[in-house]
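These are my notebook entries on one structure. I record what I looked up, entry by entry, with the criteria applied.

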Amino acid sequence: MALEIKGLTSHYGRIQALHGLDIQIGEGQLVALVGANGAGKTTLLRAISGVLPVSGGTIRFGDADITRMRPERRVRAGICQVPEGRQVFGPMSIEDNLRLGAFSQPKARLAEDIDRMYALFPILKEKRRLAAGILSGGQQQMLAMARALMGRPKLLLLDEPSMGLAPLLVAEIFSIVKNLKAQGITIFLVEQNANAALSIADTGYVIETGKILFSGPGRDLLDNEQVQNAYLGM
Ligand code: ATP
């Protein structure tokens, strides 16, 4: 298992946001977590990356129990997150944004890794000296993904990459996600766009008010009538 979450609970003050979640992500798998606004998706990602302390349960990454590990050590261990809303550094150049993503990596790899990102995202190469703030939403999503990939992740956490993007761009972002999986990166994809996410996922989980309602192969969830009625607009 790449990531194994057992009985995870999380609180904001006295309010419980996660109610004992169990999630398993196999090595090299693409696992999707879908659910509505406020269901707890971002809270779970923040618990996995370690920026939010958990109140109970365990998170294992490979052989290690990382439940209480500091966030920067999790990055060094290979967990990199692409935050919701991209959060690129607007006034900085695209290339400098990429450099920031490499903080956990040896300097000697920097040039090679930047070139790898430009091969993966040619538009970023074309605009590399420009401020990240001038990029379109879809291009900023690519930059946010490239910045996370600069950390050479074993596990990539994607928080709603399709948010605010036109359908054509959503398709492009999801095809990039599939391509990353093909390169052997384990991916945990969190999405409100359940249709698109479950279509490419090996395994899917449906979360509602901090609890997992359904889980199974992505295809099976797409065919599940209750999931269709509640999340797929059918
Ligand atoms: P979204 O798509 O809006 O990001 P989400 O599924 O990611 O939704 P979360 O942001 O994880 O949902 O929120 C889960 C629950 O925790 C919600 O009820 C939310 O109101 C609450 N919550 C989130 N952040 C905080 C916070 N900083 N303080 C208090 N409550 C919070």
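In the side chain of Glu160, an N or O atom lies 2.9 Å from an oxygen atom of the ligand. Gln192 places a polar side-chain atom 3.2 Å from a ligand oxygen atom. On its own the ligand has 630 Å² of accessible area, and the protein covers 60% of this (Shrake-Rupley method, 1.4 Å probe; for residues, only the protein chains shown count as cover). I then listed the surroundings: 13 residues surround the ligand, the closest being Asn37, Gly38, Lys41, Thr42 and Thr43; a residue is near a molecule or strand if one of its heavy atoms lies within 4 Å of it.

As the model is predicted, local features need pLDDT of at least 70 and side-chain atom pairs count only at pLDDT 80 or more, while totals for chains, interfaces and linings use all residues.

How many salt bridges does a search of the whole structure find? I recorded 8 salt bridges (a side-chain nitrogen of Lys or Arg within 4 Å of a carboxyl oxygen of Asp or Glu). Glu160 and Lys41 form one through their side chains, at 3.7 Å from N to O. The two are 119 residues apart and link distant parts of the chain: Glu160 is in the loop between β7 (155-159) and α7 (167-182), and Lys41 is in helix α1 (residues 41-49). Helices (H or I, at least four residues) and strands (E, at least two) are DSSP runs, numbered from the N terminus. Glu160 and Lys41 are both buried; buried means under 20% relative accessible area, exposed over 50%, and partly exposed in between (1.4 Å probe, protein chains only).

Asp96 and Arg99 form a salt bridge whose closest N and O atoms are 2.6 Å apart. Both belong to helix α3 (residues 94-100), where a spacing of 3 residues separates them by about one helical turn. Asp96 is partly exposed at 31% relative accessible area, and Arg99 is partly exposed at 37%. In helix α4 (residues 110-120), Asp113 and Arg116 are also 3 residues apart, about one helical turn, and their side chains meet in a salt bridge of 3.2 Å, N to O. Asp113 is buried at 2% relative accessible area, whereas Arg116 is partly exposed at 36%. Salt bridges with shared partners join Glu112, Asp113, Arg116 and Arg152 into one network.

I next asked which residues of the largest nonpolar core touch the most other members. Of its 50 residues, these are Phe121, Met145, Leu156 and Ile187; a nonpolar core is a set of buried Ala, Val, Leu, Ile, Met, Phe, Trp, Tyr and Cys residues joined through side-chain atoms within 4.5 Å. Helix α6 (residues 137-149) gives the most to this core, with 7 residues. A second, separate core has 26 residues, including Leu3, Ile5, Leu33 and Ala47. I also looked up Leu156 beyond its neighbours within four places in sequence; its contacts (heavy atoms within 4.5 Å) include Cys80, Val82, Ala148 and Ile187.

Glu95 lies in helix α3 and is buried at 16% relative accessible area. Not counting residues up to four places away in sequence, Glu95 touches Ile114, Tyr118 and Arg128. In the loop between β6 (79-82) and α3 I found Arg86, which has a positive phi of about 65° although it is not a glycine. Gln87 is found in the loop between β6 and α3, with a positive phi near 55°. Is each of these buried or exposed? Arg86 counts as buried at 8% relative accessibility, and Gln87 as exposed at 51%.

Note on methods
Residues numbered from 1 in each chain as written. Heavy atoms only, no water. Polar contact = N/O pair within 3.5 Å; in protein donor to acceptor, adjacent residues only side chain to side chain.
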